[in-house]
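Dear colleague,

Please find the structure below. I should be grateful if you would read the notes that follow alongside it.

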Amino acid sequence: TKTYNFCAGPAMIPEPVMKKAQAELINWNGLGTSVMEVSHRDKPFLALAKQAEIDLRELMNIPDNYHVFFMHGGGRAQFAAVVNNFLGEQGRALYLISGQWSQLAADEAKKLVPEEQIDTVSISNHQNKDETKSVTLPDFTGDVRQFRYLHYCPNETVDGIEIFDDIDSPWPIIADMSSNILSRDIDVSKFAVIYAGAQKNIGPSGLSIAIVREDMLQLPSLPQPTIFSYQAQLENNSMYNTPPTFAWYLAAEVFKWLKQIGGVSYIEKINRDKAELLYAAIDASDNFYNDVASQNRSLMNVTFHMKDKSKQAHFLTEAESHGLVALKGHRFVGGLRASIYNAMSMEGVNTLAQFIKRY
Ligand code: PLP
């Protein structure tokens, strides 16, 4: 049986990319060495890095007044980086809480600056196990508070909650798009900063991408490890120190792949079809349910539960024997979860949907 991997992250990498990487593993670019073994400061790697940025800019339609940084440390490094780069000793920030990851981002911020500099507002009922989960966006009209930025997480990987509506914010918006970057068209110009850990729709873990509007670099920053300074990244073309070169290479290949198959609007259509198929199978089943309101159902992380929880272990074992792996929910929330990022085929989702129907 074919294996379909529904892991939330590190997640599947598109098969054609893996095959190309395998073929090039010990002889990249005709150099007779692996891409892992060459200097990031020599021409071949610099060309790769440049092309990766060009391709990402094209895929996301990133305006010229934004910098693109390839950094270390995944999503969580950016939790700290935004605080250190933008808050200084006085600045305040507002964190919208819609699930586990936005909460963790706010928790990290509160560790780095005095708590009174961080305001939080809950915008969902994700903690209430018995209710249908949904998000209500606050109305900030007339809000005179001074925040350096508003932070939120448009796709809550753990909870399966996605925010599709734009946030009408008087403050610059920072979005953690770790689990939905490149999954659907977004208007980058509505954001001051977009960041993402790579291990869902981009490539291997450890790499993070930060897309930073240039005026944000004027804000006073806190002393911090230089590798997390956006200014230092800018001055050094994301090569202040040795970057995660293999992850960068694979990310570059994923960008090429996505461009080649038709770009973000093309994959968005497939992602919508995949999610619709899977939610429909869950809704139609007598054994399973999803508890997220339809307008906030994630296209990337489909969370679901068994009505009879005692059957879950059996379901997971059976699924695995059919090649359907990594369906266990996050350790914080339990239940089940199928992550269906860009690399997951319609065929894989359909196989899971049929399995759910039959179970
Ligand atoms: N933010 C979101 C939305 C995530 O899903 C994750 C990881 O799954 C993170 C942040 C943390 O990423 P990392 O483990 O790369 O630090």
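Predicted model: local features only at pLDDT ≥ 70, side-chain atom pairs only at ≥ 80, totals over all residues.

Residues are numbered from 1 along each chain as its sequence is written. Helices (H or I, at least four residues) and strands (E, at least two) are DSSP runs, numbered from the N terminus.

Helix H6 covers residues 245–261, and its 17 residues should span 24 Å at 1.5 Å a residue; the end C-alpha atoms lie 25 Å apart, which agrees. The expected span is 1.5 Å times one less than the number of residues. Buried residues of H6 include Trp248, Tyr249, Leu250, Val254, Phe255 and Leu258 (buried: 20 or more other C-beta atoms within 10 Å of the residue's own; exposed: 12 or fewer; partly exposed: in between; C-beta atoms placed from the backbone). Among the elements that cover the buried residues of H6 are helix H2 (43–60), strand S10 (207–213) and helix H7 (263–284). Glycine 262, with a positive phi near 135°, follows H6.

Helix H1 (15–24) also belongs to that cover. H1 and H6 pack at an angle of about 135°, their axes 9 Å apart (axes are lines fitted to C-alpha atoms, for helices over the stretch in contact; angles run from 0 to 180 degrees between N-to-C directions). H1 is therefore oblique to H6 (under 35 degrees is roughly parallel, over 145 roughly antiparallel, 65 to 115 roughly perpendicular, and the rest oblique). Pro16, Val17, Lys20 and Ala21 of H1 meet Leu250, Glu253, Val254 and Trp257 of H6 (contact: C-beta atoms, placed from the backbone, within 7 Å).

From H3, Phe79, Ala80, Val83 and Asn84 meet Leu104, Ala105, Glu108, Ala109 and Leu112 of H4.

Histidine 72 lies in strand S2. Not counting residues up to four places away in sequence, histidine 72 touches Ala77, Gly206, Ile227 and Pro244. Serine 238 is 166 residues from histidine 72 in sequence, but 9.6 Å away in space, C-alpha to C-alpha.

With kind regards

Key: Contact = placed C-beta atoms within 7 Å.
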